[in-house]
Every structure is written in structure tokens, then in C-alpha cells.
Amino acid sequence: MLSVSNVTMRYGSKVLFEDVSVSFVPGRRYGLTGPNGSGKTTFMSILSGDLDAQKGTVVRPRKFGVLRQDQFAFDAYRVIDTVIMGNRPLWAALEERDRIYEKSELSDADGMRLGELEGIIGDEDGYTAESDAAILLQGLDIPDSLHERRMGELQGGQKVRVLLAQALFGKPQALLLDEPTNYLDLDSVHWLQDFLNTYDGTLIAISHDRHFLNSVTTHTADIDYETIITYTGGYDEMVMAKTQIRSTLESQNAQREKKIAQLNEFIARFSAGTRSSQVTSRRKEVERLQTNDLARSNIARPYIRFDQLRPSGKHVLEFKHLTKLYGGHKVLDGFTCKALRGEKICLMGRNGAGKTTLLKSLLNNYPGLADKDFTLDSGSVFWGHEAQIGYFPQDVGATIDTGIEPGLTVAEWLHRWNPAAHVEDIRGILGQMLFSGEEGDKQTKALSGGEQARLAFCKLILTKPNILIFDEPTNHLDLEAINALNIALQRYEGTVLLVTHDHDLIDEVATRLWVFHEDGIEDFQGPYAEWKGKHN
């Protein structure tokens, strides 16, 4: 059983949650939800024991897996060993056994201890540990060729997947996963969903992937109103239930306030008259009905709307024979295609397949958006009449930090992209994206990843391009912002090129797919559901 009792956590005057008591039942899979800054990661750290609550107690099972966020902690270890470390009793037994065998001579006590250790290793399935770890790594797209490498030799995204395998290893009684789909491509996300749906322990997962939560979770623990409320069902079911509960409470409060107003009117009219007993009883009724202020929700929903200053021509883009090599490996091999106005094209494929490379190739000669360190080996790109591009790169922070000039506030930075815009318009757009009041005076260098992403959206809203190019825009967004982006892209009348691993974005936005396979790029003229039906 994993549970907390009377747990409180606050930072200064900000209360994350207070006197929270909740039990997480074995066999259930919980999504831990709440907007950025609500305390999800803090609560997860309290559950794992990495952080002490300011008040309250935590009960944990003997074996639990945690997705570690420190990508560099295991750099000196083999990949396969890093995974096996997820079973701490087994790893401790293996290390002690190796130390004993390194001795030049073994004592009787050593022999006895070796027998005990072999018993532990057997009980923990240690004799199949490497093959079990390899299966997890393969499912997460870490090939056999990397299993014997040191973690320090892997790329960041690969490290995250190894750490995910570590958390899943050893049949833990509980799993604590903070953003497990980060850096995973869609195939790996689907593999993880299938794995977790067969997991019979207690799962608690933080994720900004709505489809992942709806596919995996049986319950939702929502951090809001300075507490944690558990709902039955996935994310969408939680939102519906939460809205209904809130509406019911507000309606009940309104009815009570109306009744109180009527009683107070009676008291005011007859307090000095002969109906003193009736006045007294009504005063008691007012005290009984006195409404409590509803706790304020910490959910903030941005409003995103992408417009065009003017539409592009019908033929937006044509490119021929695009070729790009990295170290002799052809990432793009003569890809040729056209795009028409209004198409919403999603680029799908494994990490490292070439999706970002294709976007950089298309922008190679576009003024102001070309990557100065990128060169196309061969091929030609033609943007159509009146093509105006708004670009959201993977490293969106770099485009803000190196903006027009350093040291700008959020409002000043945004105004530079359209000096003719009124200050009220700038403030209005910032307000839409939750930069309200003093937030607009924050310096750009002090922004978090989520704030940088929202500011980049502000720029696209202000400049009104007729072509939007997004390279993994959801990396730093919470669920409310991702949902707002999804709706905005569906309503946008211009052309969209989108790289994402978010299932719902692909399913609900794309009208066409460029699917990256090992043997080339498939141009599928249709939505994701049709492509999936064809390939199942």
C-alpha cells in the first residue's frame, strides 16, 4: 500500500496542498494531474522519499520503481546494469557477491554469505536479469548494440528511456513515473501504454499527454483547491466530473445566498417589532446557512487563436530531391513532394529518423529562419506566393534568449516583432497566454520552459503568418495549454507542418502524414486514423 496522511507542503505564502490524506490502491493506475506549478513533481518526490513533507506521514511498499530525472547519475555504468539497478535488493546482492569473489581467499563466513546472496539473487529473478532488462530496453527502442555501452556515451533521449526501463525493472509493487513519455516517439509511447496496462501494482504517473492518461489510468488524483481529490476514470472523465461537482457547489452556494438575503430582509424589517422570536430563529438560520467561500482553482487555461494577415497562394510549397547525410548516413534520400494551402501535415517517425532535419531543409533558404550551421547536401525548395512562415523550433528558448536584443521584458520582446502594434494589443495577447499584469514585465531570461513556449505562441498570434511550422511544441506545456493548441490548430485556416509525438494532436489535427521509415518517407494523403487502419 502507498498512502499519505495529513501531508502539507507550502512555499512561503503559496500552499500547494494542506492536510492531504489519500491512499493509492494496488491494481489501480493513477494519473497525477494539475497545471504547471501546482505541486505534482513535489508530491511525487514526497511519495518516493526524495523530499520530506513539512507535515504528515508516508507509507511505502518495500519495492517501488521511480523514473529518475538526473540523466548523468549513471554515466559510469553499463546500460544493462543501470536497468538492473532498478531492483535495489538484487543489485545490492550482486555487488556484494562480486566483492566476495574478488577476495584472494574465502573464509567459511564468506561461503555462508555467498549462499545467502545466491538465495536473494534467485528470489529476485537475478539469473534472468540481463535478458529481462534487454527486453525492456528493446521495447523502448534501445538496440542490443547499446546495452554494453556506458550511459555517458548515450544521447539525452536515450538516457531517459534507459531510466524508464530502470523504473519498470524488477516487478516493483508501485511505479512512480514523472513525465514518462518525454523524449519517446509514438511507437515507444504505445509500447509503454501496453506494458503499463498489464502492470498489476500501483501506478502513479504525471503526464501532459492526454491520450496516454486516458489510455492507461483507471483513476485520477487531481491537485487543485490546495488539496488532492481522487476521481474514477482517466483524464477526460476527471474533467467532466470536476466540472459537474464545481457547478453543483456553485449552484448550492447561490441558492444559500438567495435564502440568506431573504432572511436578512425579514430580520431588518421586523427586528424592532413584535416578532422577536421569529427574528431570533431566522438569525440562527442565517448562521446555519452562512456560505463558505469556494476555494479558488489553480487551473489557468490559455486562449490560442492563430490568424493569417493574408492567405498564401494555392501552391504553398514544392521541394525536389532533398538529400542530407550525417557521417555517411543518408537521413534524407531524394525526398520530393508538394503541399497545398490549408493542408495540415504531421511528420511521424522514430526519434532520429530525420523529421527535424526535413524541417531545417525546408527552411534552409528562408530569410531569418535558416539554421546557419545547417547545410543541405542536394535538392531544391520553392515556397509559393505570399508564403509567410511562423516557426516554433525544438529549442524555443534559444530563439527567445538570442532575440532582437538582450535584457528585454516579455512585453518589450513581443512588441519588437510588430512595432506598430498598440500596447493594449500586446498586453491583450500576453493575457491570453497567461502573462497577466506584472508577468508582462518579467525579463525573458528569467522564463521557465513553459513560459518560453507560451511567449513563442504570442509571437505567432501577433505576426499572423499563413504557414505554421512546429517542431515538438508540447514539450514544456501543461494539459490545458496542449488542449488549447490542439483546438487552435484545428481552427487555423493556413498551412501547418507539425512534428509531434502527441497522439491526440496527430489524430485530431493532421489531414496528411509524412511517415519516416527506415527505407524512406511515406507520403500518406489522409488522417492518422486511416493510416493506422491501413497499417494494422
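Predicted model: local features only at pLDDT ≥ 70, side-chain atom pairs only at ≥ 80, totals over all residues.
Visitor: Which residues of α14 and α15 meet?

Guide: From α14 come Ile426, Ile429, Leu430 and Gln432, and they meet Leu455, Cys458, Ile461 and Leu462 of α15. By class, this contact has seven nonpolar residues, one polar and no charged ones.

Visitor: Which residues are buried in α14, and what puts them on the same side?

Guide: Ile426, Ile429 and Leu430 are buried in this helix, which spans residues 423–432. They cover an arc of only 100° around the axis, so they lie on the same side of α14. As a general rule, an α-helix has 3.6 residues a turn, so residues three or four places apart point the same way. The cover over the buried residues of α14 includes α13 (410–415) and α15 (449–463).

Visitor: Why are α5 and α7 called oblique to each other?

Guide: The axes of α5 (residues 129–139) and α7 (residues 186–197) cross at roughly 135° and come within 9 Å. Roughly antiparallel would need an angle over 145 degrees, and roughly perpendicular one of 65 to 115. The pair is therefore oblique. Ile135, Leu136 and Gly139 in α5 meet Ser188, Trp191 and Phe195 in α7. That contact has four nonpolar, two polar and no charged residues.

Methods
Residues numbered from 1 in each chain as written. Heavy atoms only, no water. Axes fitted to C-alpha atoms, helices over the stretch in contact; angles between N-to-C directions. Helix = DSSP H or I, 4+ residues; strand = E, 2+ residues; numbered from the N terminus. Parallel < 35°, antiparallel > 145°, perpendicular 65-115°, else oblique. Contact = heavy atoms within 4.5 Å. Nonpolar A, V, L, I, M, F, W, Y, C, P; charged D, E, K, R; others polar. Buried < 20%, exposed > 50% of the residue type's maximum accessible area, 1.4 Å probe, protein only. Arc of directions from axis to C-beta.
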